[in-house]
Amino acid sequence: MLAGIVLALSAAALVDGLPHTVPLRLHKGFWQGDFTVGSNQTFALTVDTGSFAILIKEGLYKPSATSQPTNYSEFIQFSGASQDGTGPAEETIFYVRDDIRFGGVTVHDFLVGNITQGDDLPGDGVAGFSPPASDNEDFSSGQGIVETFCAEGQLSPCEFGIVLKKDGKGSVTFGPMDKSRIKGNVTVLPAMKNDAWQILNSTEADSPILVVDGKPFSHIIPTFDSGGPNVVGPLDQVRKLLKSVGYNITEQTNDQITVALGTYDCARKPARVGFSFPPSNEVHYIDLKANVLNRTADGRVCTANILGTSTVDAPLWSIGQTWFQGRYVQHDLDDNTLSFAELA
């Protein structure tokens with residue numbers, strides 16, 4: 001999910017040890033894992049590399065006996081909070097310090113976002129796996145769950161993978177990429193140190209390329225976001241893309257935000273959308289099954305997983321979980337790189 005949030009998260013004590021692999025499951029367009037928060041409640045949280053906070057949906061959080069209130073609060077606007085990727089969500093959050101547990105490791109005195117008023121979110125909330133937040137005038141550098149694992153010596157090197165298969169099963173892996181689970185070449189990309197897994201390139205010529213049916217469409221600056229259900233781009237560019245492949249364009253405007261989706265006859269061959277990363281010319285396409293975001297009840301009209309929005313400006317794009325399917329995507333917080341390869 002795309003979210004605007006900068007918040008200070010403190011380092012905390014850790015116990016036990018991390019397993020190499022923690023399972024995830026696909027539920028209504030979102031990949032979720034089990035997190036224990038507060039008074040031994042287990043929540044299904046969307047594993048979201050597009051944000052870094054732990055947020056629990058309104059009315060669900062119950063504090064433990066050692067929970068402590070804070071004076072931190074935040075208003076967040078999400079995009080892509082529904083299965084079709086069109087749903088926005090606005091959340092009012094108050095932060096507490098409490099215990100969380102993931103993959104057998106307990107983090108004490110961790111900042112947890114308790115949503116006190118807001119729109120519905122997938123599952124029980126969000127677990128952020130983005131790089132730490134930048135400094136600003138109000139808050140110091142944020143420290144999320146993976147960064148905390150690393151800071152406390154539970155994870156070294158400071159790397160994790162998002163491994164999503166095509167059958168609805170996936171995992172978070174801790175530590176270096178497991179080469180036994182991949183095939184072909186590993187693509188390594190420089191990424192931002194803070195805020196998002198956004199790819200950095202020195203010139204437009206060496207920036208990633210959006211490819212449609214084998215033809216280059218545009219140079220882009222992508223952010224990899226496992227918490228989003230689709231690929232999101234600037235409204236005008238997506239309109240042009242959908243028109244070029246003969247899709248019908250459906251638009252919605254709410255609160256001065258316009259989104260555009262493409263629909264087509266499910267009987268036709270869908271357009272293939274992928275990305276190449278210079279200097280390599282290889283195109284990494286979205287899996288054809290994942291390329292269909294939704295179908296009507298009669299199975300006749302399909303919705304493509306490409307979303308245009310007026311909240312994004314060119315050349316920025318967000319690559320959501322449908323592209324992750326069938327791939328091992330490695331996130332390195334030490335070297336600030338994002339790597340990926342096809343699953344074996």
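A: Happy to. A quick definition before the numbers: on a 1 Å grid over the protein atoms alone, a cavity is a set of points where a 1.4 Å probe fits but cannot get out, and lining residues have an atom within 4 Å of a point. Grid points are joined across faces, edges and corners, and a volume is the space filled by probe spheres set on the points. This is a predicted model, where local features need pLDDT of at least 70, side-chain atom pairs count only at pLDDT 80 or more, and totals for chains, interfaces and linings use all residues. Residues are numbered from 1 along each chain as its sequence is written, and side-chain values use heavy atoms, with hydrogens and water left out.

Q: Thanks. How much space lies in the second largest cavity?
A: About 30 Å³.

Q: And which residues line the second largest cavity?
A: Its lining is made of Leu241, Leu242, Tyr247, Ala271, Val273, Asn291, Ala304 and Ile306. Both α2 (235-244) and β23 (301-309) supply at least two residues each. Helices (H or I, at least four residues) and strands (E, at least two) are DSSP runs, numbered from the N terminus.

Q: How does that lining divide into nonpolar, polar and charged?
A: Seven are nonpolar, one is polar and none is charged.

Q: OK, what about the largest cavity, what volume does it have?
A: About 50 Å³. The structure holds two cavities of 30 Å³ or more.

Q: Where does the largest share of its lining come from?
A: From helix α1 (residues 145-151), with three residues.

Q: Changing topic: how many helices and strands does the protein have?
A: Three helices and 26 strands. Of its 344 residues, 56% are buried. Buried means under 20% relative accessible area, exposed over 50%, and partly exposed in between (1.4 Å probe, protein chains only).

Q: What share of the contacts join residues at least 24 apart?
A: Among contacts between residues at least 6 apart in sequence, 69% do. Contact means heavy atoms within 4.5 Å.

Q: I saw some aromatics. How many aromatic pairs are there?
A: Rings of Phe, Tyr and Trp (its six-membered ring) pair if their centres lie within 6.5 Å; planes under 30 degrees apart count as stacked, over 60 as edge-to-face and the rest as tilted. By this rule there are 13 aromatic pairs. In one of them, Phe160 and Trp197, the ring centres are 6.2 Å apart and the planes are at 75 degrees, so the pair is edge-to-face.

Q: Where do Phe160 and Trp197 lie?
A: Phe160 lies in strand β11 (residues 159-164) and Trp197 in the loop between β13 (182-190) and β14 (209-212), so the pair ties together parts that are 37 residues apart in sequence. Phe160 and Trp197 are both buried. They also belong to one aromatic cluster with Phe35, Phe102, Phe129, Phe149 and Phe174.

Q: Is Gln325 buried or exposed?
A: Gln325 has a relative accessible area of 10%, so it is buried. Its place is in the loop between α3 (321-324) and β25 (327-332). Leaving aside neighbours within four places in sequence, Gln325 is in contact with Leu26, Trp31, Leu164, Lys165, Lys166 and Ala290.

Q: Which residues does a cis peptide bond join?
A: Pro278 and Pro279, with omega of about 10 degrees. Pro279 sits in the loop between β20 (273-276) and β21 (283-285). A cis peptide bond also joins Ala314 and Pro315, again with omega of about 10 degrees. Pro315 is in the loop between β23 and β24 (316-319).

Q: Last one: what is the phi of Asn40?
A: Positive, about 55 degrees, although Asn40 is not a glycine. Most residues other than glycine have a negative phi. Asn40 is in the loop between β4 (30-37) and β5 (41-48), and at 68% relative accessibility it counts as exposed. Asn336 also has a positive phi of about 55 degrees, and lies in the loop between β25 and β26 (337-343).

Conventions
On a 1 Å grid over the protein atoms alone, a cavity is a set of points where a 1.4 Å probe fits but cannot get out, and a pocket is an open set with protein on both sides within 12 Å along at least five of seven lines; lining residues have an atom within 4 Å of a point. Ala, Val, Leu, Ile, Met, Phe, Trp, Tyr, Cys and Pro count as nonpolar, Asp, Glu, Lys and Arg as charged, and the others, Gly among them, as polar.
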